[in-house]
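Work through the exercises below with the sequence and the model open. Try each task before reading its solution.

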Amino acid sequence: MLSYIQRLNVIFVTNLVFFVSGCSQLENQQVNPNVRAQQNSLETTQPSPDNQKDSKIRILNAEAIKISEQGQLKEALQRLEQALATSRDLGDRYWEAVTLNNIGRIYQKQANYSQALQSYQQALLINKELGDRVQTGKTYSNIGYLFDIQNQPELAVFFYKHCLINREIARLNPSALSEPQPEAYSITVAQTYRILGDKLLKQGRVAEAQRTIDLLKVEELQGYLQEVRGNERTAKGIDIIPEEKATKQKLDQTLNNAVELGKELTKLRQISPEQRSPQEKQRIEQLVLNQQQLLQQFNDFIASPPVRSQLEQISRIAKRQNLDLEGINELRDNLAKLPQKAILIYPLVLQDSLELVVVSPESVPIHRRVAVTREQLNQAIAGFRQDLQSPRSNNAKKAGSQLYDWLIKPIENDIKLSGAKHLIYAPDEQLRYIPLTALYDGKQWLVERFSVNYITAASLSNFNTQPASKLKVLAGAFIKGSYQVEVGNQRLAFAGLPFAGQEVDSLAATIPGTQKLIDEAFSPQGTIPQMDDYTIVHLATHAAFVVGKPEDSFILFGNGDRVNLTDVAAWSLTHVDLVVLSACETGLGGQLGNGEEILGFGYQIQKAGARATIASLWSVDDGGTQALMSAFYTLLSSGKLTKAEALRQAQIALITADSKSKNNNSSIATSSGLSHPYYWAPFILIGNGL
């Protein structure tokens, strides 16, 4: 006798499409509000028969996942068959789709792909019927995975892109991305974006890869901070290129028709089997058959020689496509409007390589591949950071040269041809923990050749917003006292910064009218409400951005109060051009993650309304910070330099160790003995560099 699942599979026999290998254990579901409300009600009210059945579905799914990880696949499938029958008995479409995904995962582990296809296909149709863009996107990702493992890269990319398209539309309602979800997926959406970027680069589709890598930053922010809202630019997703449009049109038509049939099928299935009339039973069989035929027609379509031939042409015409896409042209136009010639650099860290993508105003996007593994790169990063933070070490140039050879040398000629003097940098993973300016070309530090500003993501940034013409500064300083702070599992003491007083005094002397708040007066209550009355907010105090939750990272105020990274987003900074944190620390205790806390800080300041922030990657000798900040504000107050160029000139002033460095007739007083990158390199500008 056929099992319940086997009887379903007889109905849903297909050759190819709609396979879910798993797309996102850590990502979250968006469901029809009525469905979600019903689930929340079931979870919070007293147990009822339906509530008990709902809990049973959850338990059966959880048990199946656990025992499947122990290799008990047959037993896992039996539990999932029970869960599927119960979900259909309740009419719980959400849990029906979850269970179907888990059934597909079991079949996948058995290498029974034809059976997995049928389960995932049914899950996709339910997701579409519920209007669930988050889950639909995940399912598309897993369809892409199927074609990926079958060595059909063009179709893999096509379906991965649909994951991105649906995800970015869903991001306009960020709460949908933050809903808790049951475990029914194998990889995260961020991993999907990273894989898609890699696939596109391998096919020479650099413009599409740039877009994917940029949106990967946004997805990483979502994973770290939650509730990261998209905008009109992110919601555009990624272009469907002309060679893909016929496939997309056929796919959309097939799914829309199948979903309409599914709606009627759902209504009929709500009638208990013993109460269905012969006509209703016959109609159910016919609807299932019609869905099968529609999907089989699509399978035949994408397997047909003309469609295969058209998709295979994509790599061959990729260079032309790189200049035809709307998104890349908008980005190039924005770069062209900057006062200095600029290029945008995206590194993408993969397991066995480092991919570099360069966007300039005049040329097609450029891709260079570097043969260095993630492990090798991370070891070099850790060693470089250690050398940079040791002012007595003479190894910084050697370590900086190695990273220069990986990050800049492969694109050195491209930078030269573009004529760029300014680098806009979107670092990836642990590259966020080191300053690009401290790379060494064998003769000079990179800062001596280029100004640099970091960005969270181009799709979240406005490169061209001009700063206010008049500088108005609010400066807070923690000078005296000591406070114990719990950082993760550690309890650390943070003492006052003696030179912080000189730092803000120098700032006030350079920019008249500066409002100073010292120690007890420098409290969250006394500082935050007035920040938006100023164009620059300068905080000479400790801040720590640590691996873990955003609540673990904080800014310490002069009265001992802390504000964590989550709270920063609630600040009102719409009139603020620049926020400066002059004594930040990252990688406390030598622990490096993937730099999400640094990315997250830049985003939170940006979300609050400020155009840019300057922060340090490690806490610097107090006198060194005071010297650099004095030089920076002297240059910035001249009104002749951008923030990025003023920071660069201030760093060069410390490198050259001259008592005076002339720039546009403005003298910069600096102290000698501060030429080691320990003193000048940690300060990075994130956001708008103008």
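**Exercise 1: a strand pair**

Strand 4 (residues 422–425) and strand 5 pair in the parallel sense over four bridges. The model is predicted: local features need pLDDT of at least 70, side-chain atom pairs count only at pLDDT 80 or more, and totals for chains, interfaces and linings use all residues. Residues are numbered from 1 along each chain as its sequence is written, and side-chain values use heavy atoms, with hydrogens and water left out.

Task: Which residue of strand 5 stands opposite Leu423, and are the faces of strand 5 covered or uncovered?

Solution. 
- Step 1. Helices (H or I, at least four residues) and strands (E, at least two) are DSSP runs, numbered from the N terminus. Two strands pair if DSSP finds at least two bridges between them.
- Step 2. Opposite Leu423 stands Val452 of strand 5.
- Step 3. In a regular strand, side chains alternate between the two faces of the sheet. Strand 5 (residues 451–454) has Ser451 and Asn453 on one side, Val452 and Tyr454 on the other.
- Step 4. These four residues are all buried, so both faces are covered. Buried means under 20% relative accessible area, exposed over 50%, and partly exposed in between (1.4 Å probe, protein chains only).

**Exercise 2: salt bridges**

Task: How many salt bridges does a search of the whole structure find, and which residue does Lys516 bridge to?

Solution. 
- Step 1. The criterion is a side-chain nitrogen of Lys or Arg within 4 Å of a carboxyl oxygen of Asp or Glu. The search finds 33.
- Step 2. Asp441 and Arg449 form one of them, with the closest N and O atoms 3.1 Å apart. Asp441 is partly exposed at 27% relative accessibility, and Arg449 is partly exposed at 23%.
- Step 3. Glu486 bridges to Arg491, the closest N and O atoms being 3.3 Å apart. Both Glu486 and Arg491 are exposed.
- Step 4. Lys516 bridges to Asp505, with the closest N and O atoms 2.8 Å apart. Lys516 lies in strand 9 (residues 515–518) and Asp505 in helix 21 (residues 498–510), so the pair ties together parts that are 11 residues apart in sequence. Lys516 is partly exposed at 37%, and Asp505 is partly exposed at 40%.
- Step 5. Shared partners join Arg194, Lys217, Glu220, Arg374, Asp428, Glu429 and Arg432 into one salt-bridge network.

**Exercise 3: nonpolar cores**

Solution. 
- Step 1. A nonpolar core is a set of buried Ala, Val, Leu, Ile, Met, Phe, Trp, Tyr and Cys residues joined through side-chain atoms within 4.5 Å.
- Step 2. The largest has 97 residues, and Phe159, Leu344, Trp571 and Leu573 have the most contacts inside it.
- Step 3. Helix 11 (residues 206–225) gives the most to this core, with 10 residues.
- Step 4. A second, separate core of 82 residues includes Val452, Ile511, Ala583 and Phe683.

**Exercise 4: positive phi**

Solution. 
- Step 1. Most residues other than glycine have a negative phi.
- Step 2. Gln226 has a positive phi of about 65°. Gln226 is found in the loop between helix 11 and helix 12 (232–235), and is partly exposed at 28%.
- Step 3. Glu227 also has a positive phi, of about 55°. Glu227 is placed in the loop between helix 11 and helix 12.
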